[in-house]
Amino acid sequence: MNALLIILAVIAVVLLFVGGFTASLKFLLWVGIVLLIVAVIVWLLRTLTGRRS
């Protein structure tokens, strides 16, 4: 019975870490998409206004 509890605890910890990594990866994916959109908007504004740095 104790071995079963240890196995269940290890599986729970592994699933907790995998769930956390998946959630953080989804968050980072959205951050990347937002940054890409902002970069495209800035590039379009600089191209349309003719400003050069």
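Guide: Buried residues account for 0% of the 53 residues in this protein, which is a predicted model. The secondary structure consists of 1 helix and 0 strands. The C-alpha trace spans about 75 × 15 × 5 Å along its principal axes. The radius of gyration is 23 Å, whereas a compact globule of 53 residues would have a value near 10 Å.

Within this setting, the structure contains 1 aromatic pair. The ring centres of F17 and F21 are 6.4 Å apart and the planes meet at 25°, so the pair is classed as stacked; the limits are centres within 6.5 Å and, for stacking, planes under 30 degrees apart. Both F17 and F21 belong to helix α1, which covers residues 2–49, and they are separated by 4 residues, about one turn of the helix.

L29, W30, I33, I37, I41 and L45 form a nonpolar surface patch of about 620 Å². One of these patch residues, L29, is likewise located in helix α1. L29 counts as exposed because its relative accessibility is 55%, and the exposed class requires a value over 50%.

Notes
Residues numbered from 1 in each chain as written. Predicted model: local features only at pLDDT ≥ 70, side-chain atom pairs only at ≥ 80, totals over all residues. Heavy atoms only, no water. Phe/Tyr/Trp six-rings, centres within 6.5 Å; stacked < 30°, edge-to-face > 60°. Helix = DSSP H or I, 4+ residues; strand = E, 2+ residues; numbered from the N terminus. Rg over C-alpha atoms; globule rule 2.2 N^0.38 Å. Buried < 20%, exposed > 50% of the residue type's maximum accessible area, 1.4 Å probe, protein only. Patch = residues over 30% accessible without salt bridge, like charges linked within 9 Å, V, L, I, M, F, W, Y side chains within 5 Å. Areas by Shrake-Rupley, 256 points an atom, 1.4 Å probe, with all protein chains shown as cover. Salt bridge = Lys/Arg side-chain N within 4 Å of Asp/Glu carboxyl O.
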